[in-house]
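Here is a short report on one chain.

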Amino acid sequence: MNRCGWVKMTNPLYIAYHDQEWGKPLHDERALFELLCLEGYQAGLSWETILNKRQAFKRAFHNYDIDRVAKMSDQELDSLLNNTEIIRHKAKLYATRANAQAFQAIQKEFGSFDHYIWAFVDFTPHVNQVDSYKNVPAQTELSQRIAKDLKKRGCKFVGPTTIYSFLEAAGLINDHENTCEFKEK
């Protein structure tokens, strides 16, 4: 089976993530929030590390229930610093709550985060012609514009590189390699 060259074939979580999630257009609010958070946790780390800790993060953040995360107290967030199953980076943990609160404000203003984010691509995935994942940019003008807007709205750990990865993961940008069997035309 042909997959994108970045897929680590030794990790079943990596394979499943690529085959079942990555690059598929996503519209579920909770799932979009989770992906935004996971991409933020990745800053300075590998995606494999994040995938390996994903279930623990789900438990720690109430399965990414936006309303519950938005109401988490400092005490709850500080207690997560003792949780060895997740990445214990205080700023990233607190960013999860800040992002939930910003997410709620975006939902209120636009009706949904889905509508807000997909408007940036005119509600149609951008399908790029990718010969090798090594040639995919780390960021683009689009990811810079979205990152700037999200930061203005109070989001944290949403730089242009993180946002480009989010756009790929959520299927707004399809960067599957041309030879990948999972590339949707």
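## Contacts and fold

Contacts between residues 24 or more positions apart account for 67% of those in the chain with a separation of 6 or more. This is a predicted model. Buried residues make up 50% of the 185 residues.

The chain has nine helices and two strands. Along the sequence, the order is α-α-α-α-α-α-α-β-α-α-β. The radius of gyration is 16 Å, close to the 16 Å from the globule rule for 185 residues, so the chain is as compact as a globular protein of that length. Its C-alpha trace spans about 50 × 40 × 25 Å along the principal axes.

## Surface and charge

The chain exposes about 9100 Å². Carbon and sulfur atoms supply 49% of that area.

There are 24 positive and 24 negative charges. Their mean positions lie 5 Å apart.

## Salt bridges

The whole structure holds 13 salt bridges. One of them joins Arg 3 to Asp 19, with the closest N and O atoms 2.6 Å apart. This pair links distant parts of the chain: Arg 3 sits in the segment before helix H1 (12-20), Asp 19 sits in helix H1, and 16 residues separate them. Both Arg 3 and Asp 19 are buried.

Lys 90 pairs with Asp 78 in another salt bridge, at 3.8 Å between the closest N and O atoms. Lys 90 lies in helix H6 (residues 90-110) and Asp 78 in helix H5 (residues 74-79), so the bridge ties together parts that are twelve residues apart in sequence. Lys 90 is partly exposed, at 45% relative accessibility. Asp 78 is partly exposed too, at 30%.

Arg 153 forms a salt bridge with Asp 149, and their closest N and O atoms are 2.7 Å apart. Here Arg 153 is partly exposed at 24% relative accessibility. Asp 149 has a relative accessible area of 14%; buried means under 20%, so Asp 149 counts as buried.

Salt bridges also link Glu 21, Arg 30, Glu 34, Arg 54 and Lys 58 in a network.

## A buried charge without a partner

Glu 29 belongs to helix H2 (residues 29-42). Glu 29 is buried, yet has no salt bridge. How far away is the nearest side chain of opposite charge? That side chain is Arg 30, and it is 11 Å away.

Which residues does Glu 29 touch, leaving aside those up to four places away in sequence? They are Ile 66, Phe 103, Gln 107, Ser 112, Phe 113 and Asp 114.

Terms used
Residues are numbered from 1 along each chain as its sequence is written. This is a predicted model: local features need pLDDT of at least 70, side-chain atom pairs count only at pLDDT 80 or more; totals for chains, interfaces and linings use all residues. Side-chain values use heavy atoms; hydrogens and water are left out. Helices (H or I, at least four residues) and strands (E, at least two) are DSSP runs, numbered from the N terminus. Buried means under 20% relative accessible area, exposed over 50%, partly exposed in between (1.4 Å probe, protein chains only). Lys and Arg count as positive and Asp and Glu as negative; His and the chain ends are not counted. A salt bridge is a side-chain nitrogen of Lys or Arg within 4 Å of a carboxyl oxygen of Asp or Glu. Contact means heavy atoms within 4.5 Å. The radius of gyration is taken over C-alpha atoms; the globule rule is 2.2 Å times the number of residues to the power 0.38. Accessible areas come from the Shrake-Rupley method with a 1.4 Å probe; for residues, only the protein chains shown count as cover. The place of a charge is taken as NZ of Lys, CZ of Arg, CG of Asp or CD of Glu.
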